[in-house]
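Please find below a colleague's note on the structure shown here.

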Amino acid sequence: MKYRNLSHSVDVLWRRLRMLLGKRNVFSLFWWGVKTGKGLKFFGKTYIKKYPGSKIIIGDNCEFFSAPNSNLIGINRNCSISTLTEAAEIQIGNNCGFSGTVIGAFKRISIGDNLKCGANTLITDSDWHPEDPRVGEPKEVLIGSNVWIGVNVVIMKGVAIGDNSVIGANSVVTKSVPSNTVAAGNPCRIIREVCHTEK
């Protein structure tokens, strides 16, 4: 029993040390001119790239998990936040959590407060490769507050996800999802409404 307690204690200390080491990400945010709130936490390296003239704003108490074992569901890449045009904007609310999440904006991506973003998710407002004539124009992505996005979800351009909604694992979201709903699949479809229990 003592051995198991020691193992747990060492693991907790190691996580805290890695979180302290993650503070070096703050320099990267400063270097790229990202506006940030207080209490950001990083586990591993988060990649930042901000196009000149664009905006990236991150609220208070957000967490970014990039180290492979920082989330035991399994992370296969680092968090990455990038703007790719002068007019692009990424705005992230307060108390959001990201695990191996890639966010790439050509136009605008807005995320509310208290987002839970599962491992290896992608949020983008573009088809990328704008030089290809088969690619359409970017369309903004709007994600409300208290949204839960499951592992391996892809959120595509032009999508709005309403407050309190849940997107199931491995979904590809190509159409908007209203508030207070559970949606899943490829393509993502509404399954049911979220049940609210009174306390």
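The points that follow go from the overall content of the chain to its sheets, its nonpolar cores and its aromatic contacts.

1. The coordinates are those of a predicted model. The chain contains 2 helices and 20 strands. Of its 199 residues, 41% count as buried. The accessible surface comes to about 11300 Å², and carbon and sulfur atoms hold 57% of that area. Among contacts with a separation of 6 or more, 33% are between residues 24 or more positions apart.

2. Phe65 has Ser99 of β8 as its bridge partner.

3. Another open sheet has 6 strands in the order β3-β6-β9-β12-β15-β18, and here the pairing is parallel. The edge strands, β3 (47-49) and β18 (172-173), each pair on one side only. Between β3 and strand β6 (residues 80-83) there are 3 bridges in the parallel sense, and Tyr47 stands opposite Ser80 of β6.

4. In soluble globular proteins, nonpolar side chains tend to be buried together. In this model the largest nonpolar core has 36 residues, and those with the most contacts inside it are Ile58, Ile92, Phe98, Ile111, Ile143 and Ile155. Two or more residues are given to this core by each of β4 (55-58), β7 (89-92), β9, β10 and β13. Leaving aside residues up to four places away in sequence, Ile58 touches partners that include Leu29, Val34, Leu40, Phe64, Ile81 and Ile92. A second, separate core has 5 residues, among them Phe65, Ile75, Ala119 and Val151.

5. How many aromatic pairs does a search of the whole structure find? The search returns 5. One of them joins Phe42 and Phe64, with 5.3 Å from centre to centre and 10° between the planes; this pair is stacked. Because Phe42 lies in strand β2 (residues 41-43) and Phe64 in strand β5 (residues 63-65), the pair ties together parts that are 22 residues apart in sequence. Phe42 is buried at 2% relative accessibility, and Phe64 is buried with a relative accessible area of 1%. Phe42 and Phe64 also belong to one aromatic cluster with Phe98.

6. The pair of Phe106 and Trp128 is edge-to-face, with centres 5.0 Å apart and planes at 85°. Phe106 lies in the loop between β9 (102-105) and β10 (108-111), and Trp128 in the loop between β12 (122-124) and β13 (141-143), so this contact ties together parts that are 22 residues apart in sequence.

Terms used. Residues are numbered from 1 along each chain as its sequence is written. This is a predicted model: local features need pLDDT of at least 70, side-chain atom pairs count only at pLDDT 80 or more; totals for chains, interfaces and linings use all residues. Side-chain values use heavy atoms; hydrogens and water are left out. Rings of Phe, Tyr and Trp (its six-membered ring) pair if their centres lie within 6.5 Å; planes under 30 degrees apart count as stacked, over 60 as edge-to-face and the rest as tilted. Helices (H or I, at least four residues) and strands (E, at least two) are DSSP runs, numbered from the N terminus. Buried means under 20% relative accessible area, exposed over 50%, partly exposed in between (1.4 Å probe, protein chains only). Two strands pair if DSSP finds at least two bridges between them. Contact means heavy atoms within 4.5 Å. Accessible areas come from the Shrake-Rupley method with a 1.4 Å probe; for residues, only the protein chains shown count as cover. A nonpolar core is a set of buried Ala, Val, Leu, Ile, Met, Phe, Trp, Tyr and Cys residues joined through side-chain atoms within 4.5 Å.
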